[in-house]
Amino acid sequence: MTIIQPAGSAMMRRNIRTYRPSTVIALIMLAALIILPLFVKSYTLSTYRDIMLLSLFALSLDIFWGRTGILSFGHATFFGLGAYGMAIASIRFGLEPQWVSLVGLLFGVGVAVLVALCVGYFILYGGVRGAYFTIVTLALTLIANQIAIGWSSVTGGDSGLIGVPPLSIFNFDFSGTLSSYYLALGILAVSLLVALRLMHGRLGLLLTAIQDNETKVRTLGYPTQRILLLTFVSSAAMAGFAGALYASCAGFVAPDQIALLLSTEVIIWVAVGGSGTLTGAVIGTFVVWQLQQKISSMSVAAWPLAIGTFFILLVLVFPKGIPAFVLDLFKRWKRGGVAQ
C-alpha cells in the first residue's frame, strides 16, 4: 500500500535537512540568549552583553582566518581603532548629542576599514601569505598600541579616554542595560546568520578553494587577491564595529583594547570553538570568558599564564577546536562499541 504524504511535510523535512549543524546550533544559542534576561540580574546581563560584542569581534576573525587559512595576529588593531574612533569622535569633536553616536560609529568603522584597506592591499597584492602575513599583522598591533599610549593628547595615553556617551541613534536610546543587551544580541544574530549564509554558499567555497590552491583558482579567472582583500576589509569593518559598540557600552576606552594580549585572546576564542565554524567562535568566546572570570577572581596575574598554557594546548591537543575533539572521541567510542 502506498502512503501519500502531504507535500508540505515533505518540503519541511527537506528544509530541515538543508540546515547545517552550525546553523541549528546558532539558532538554539540565539533563542537561549533571547530568554536569558528572564533568569539573570542586571549586572550579569551587562556582562553577557559585553561577551556578545566580543563574540562579534571573534566572528570577524573567523570569517577571514577560518575560511582562508590566513591567520591575522593583529585583529585587535581594528577592534581598538573602532573603540578609539568612537571615543575620540564622541569626546573630542564637540558634536551635537543627537549625532555623537552615529558619527562615532561611522568614524570608528571608517578608520578600521581605511587601515585594513591600506595594509591589506600591500601585503595581499604583494603575495604575503602564511606566517609572513601573521608577522606583519602582529607588528601592526604593536605599532597601534604604541601610538595609543604615546599620542596622549588625543588618545589619553595609558589612562585612555573616559566619558564615552551611551549609544543613542535617531532618538533611540540604548543606555539601559536591557536595551543595550538586546541591541548587541540583534547585531550578533544578524551578523552570524548572514555570515553562515555567505560562507556556506559560493563565497565560502571560493575562499576554501583559495586556501587549498590559490594559484589554481587564479588560473581559472578568479581575482583571488581582490577577493582576499575584500574579505579582510569586511572582517576588519566588523571588528571595528564591535569595538565602537563596546566602547559606547563600557563608557571608556583603554590601550589594552588595542594590545597584543587581546589579539591572542581572540585567536583562542575562535580556536576553542573551531576555526571556520563561525558559530564556534561565539561559543568559544563565552567559554573562555567564563574561564577568565573564574581564574582572574583567584589571581589577576594568573590569567596571562593560563592563556599562554591554553594556547599551547590548543595547538598540540585541540588543533580543530574542543568541540571537534570531543566529537572525534565520541566517534571513536561508538566505533569501539560497535566492534565489540
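User: Why is Leu278 called buried?

Analyst: In this predicted model, Leu278 has a relative accessible area of 0%. Buried means under 20%, so Leu278 qualifies. You will find Leu278 in the loop between α12 (260–273) and α13 (279–298). Its phi is near 70°, a positive value in a residue other than glycine.

User: What makes Arg129 and Glu214 a salt bridge?

Analyst: Happy to walk through that one. Their closest N and O atoms are 2.8 Å apart, and the cut-off is within 4 Å, so the pair counts as a salt bridge. Arg129 lies in the loop between α5 (97–125) and α6 (130–150), while Glu214 belongs to helix α10 (residues 214–219), so the pair ties together parts that are 85 residues apart in sequence.

User: Which other residue forms a salt bridge with Glu214?

Analyst: That is Arg218, with the closest N and O atoms 2.9 Å apart. Arg218 and Glu214 both lie in helix α10, 4 residues apart, about one turn of the helix.

User: Why is Glu214 called buried, and why is Arg218 called partly exposed?

Analyst: Glu214 has a relative accessible area of 14%, and buried means under 20%, so Glu214 is buried. Arg218 has 37%; exposed means over 50% and partly exposed is in between, so Arg218 is partly exposed.

User: How do you know that Asp50 forms a salt bridge with Arg49?

Analyst: Their closest N and O atoms are 3.2 Å apart, and the limit is within 4 Å, so the pair qualifies. Both Asp50 and Arg49 are buried.

Methods
Residues are numbered from 1 along each chain as its sequence is written. This is a predicted model: local features need pLDDT of at least 70, side-chain atom pairs count only at pLDDT 80 or more; totals for chains, interfaces and linings use all residues. Side-chain values use heavy atoms; hydrogens and water are left out. Helices (H or I, at least four residues) and strands (E, at least two) are DSSP runs, numbered from the N terminus. Buried means under 20% relative accessible area, exposed over 50%, partly exposed in between (1.4 Å probe, protein chains only). A salt bridge is a side-chain nitrogen of Lys or Arg within 4 Å of a carboxyl oxygen of Asp or Glu.
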